[in-house]
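Colleague: I am new to reading protein models, and I would like to learn how to look at a helix and its surroundings. Could you take me through one step by step?

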Amino acid sequence: MSVIYNQIANRSLERIGALSDGLFAIAMTLIVLEIRVPQVEAGGAGSDLALLAALGDLAPRFVTYGLSFLTLGIFWNGQQTQLSYLDRGNRDLAWLQLLFLAIIALFPFTTSVLAENIDLRLALGLYWLNIFLSGSALYAIWIYAERAQLVRHGTDASIGAAIRRRIGTAQILYATGFLISLLPSGTYPAIAWIVLVQLNFAIAPRIWRLHRI
C-alpha cells in the first residue's frame with residue numbers, strides 16, 4: 001500500500017511547541033532591546049538630572065514594552081493551551097502554526113512603531129491589527145483542529161467552547177480599545193484600556209464575571 005507524504009508529515013506536536021517557545025522568547029527579547037541606554041555626559045552636578053530626564057523620554061518605550069510582553073505572554077499561553085488538548089498534528093496544522101508564528105514575529109516591529117509614535121492613531125491601529133491577525137490565526141488553528149479531529153479523544157465539548165469564547169471575547173475587547181483611540185481623547189486612554197484587558201487575562205481576578213473572560 002502506498003503512503004502519501006502529506007498524510008505523514010509534521011505529526012509531532014513537540015516540534016511545533018519547541019519552535020513556538022523559541023520564537024516567542026526571541027520576540028520578547030527583541031522588544032526590550034529596543035529600549036536604548038540613554039547617553040548622558042559624565043560629571044557635573046546636572047548629570048543625575050540629565051539621566052533622569054533621558055529616562056523620562058524613554059517612557060513610551062517602557063509602556064509599549066510592558067504592553068507587548070503581556071500580549072506575547074497571553075498568545076503564548078493560548079497556543080500552549082490549545083496544543084495540550086491536541087492528540088496529534090498534521091501538515092496543514094503545522095503550516096497554520098507557522099502562519100501564527102509569522103504574525104507573532106511582527107510584534108517587535110509594531111511595538112517599535114507604536115513606541116516612536118505613541119500619540120498617533122495609525123501606529124496604534126497597526127499594533128491592534130497585529131493583535132487581531134494573531135487572534136484570528138489562533139482561532140483558525142483551533143477550528144481546523146476540531147474539524148480535522150486532531151483534538152484528543154474524550155475532550156469535553158465545553159473545552160472547545162471556552163477556547164473559542166475566550167479568543168472571540170478578547171478580540172472584541174481589543175477592538176474596543178482601538179475604537180476608543182478614535183475619540184478626541186487620543187491614543188492614551190485606548191492604550192490604558194488594552195493594558196487593563198491584558199491584566200485581566202493575565203491575572204484572572206476573582207471579580208464578578210471578569211474571571212470568566
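Colleague: What covers the buried residues of H9?

Modeller: Please keep in mind that this is a predicted model. The cover over the buried residues of H9 includes H4, H7 and H8. The buried residues in H9 are Thr187, Ala190, Ile191, Ile194, Val197, Gln198, Asn200 and Phe201.

Colleague: How many residues does H9 have, and what does it reach from its first C-alpha to its last?

Modeller: H9 has 17 residues and reaches 24 Å between those two atoms, which is close to the 24 Å expected at 1.5 Å a residue. Just after H9, alanine 204 takes a positive phi of about 50°.

Colleague: Which residues have the most contacts inside the largest nonpolar core?

Modeller: That core has 42 residues, and those with the most contacts inside it are Leu72, Phe75, Phe100 and Tyr174. Helices H2, H4, H5, H6, H7, H8 and H9 each supply at least two residues of this core, and H7 gives the most, with 10 residues. If you select phenylalanine 75 and leave aside residues up to four places away in sequence, you will find that it touches Phe24, Phe100, Ile104, Phe107, Ile131, Ser134, Gly135 and Leu138.

Colleague: Does serine 20 count as buried or exposed, and why?

Modeller: A residue is called buried when its relative accessible area is under 20%. Serine 20, which lies in helix H2, counts as buried because its relative accessibility is 0%. Not counting residues up to four places away in sequence, serine 20 touches Gln79, Gln80 and Leu101.

Notes:
Residues numbered from 1 in each chain as written. Predicted model: local features only at pLDDT ≥ 70, side-chain atom pairs only at ≥ 80, totals over all residues. Heavy atoms only, no water. Core = buried A, V, L, I, M, F, W, Y, C linked by side-chain atoms within 4.5 Å. Buried < 20%, exposed > 50% of the residue type's maximum accessible area, 1.4 Å probe, protein only. Helix = DSSP H or I, 4+ residues; strand = E, 2+ residues; numbered from the N terminus. Contact = heavy atoms within 4.5 Å. Expected span 1.5 Å × (residues − 1).
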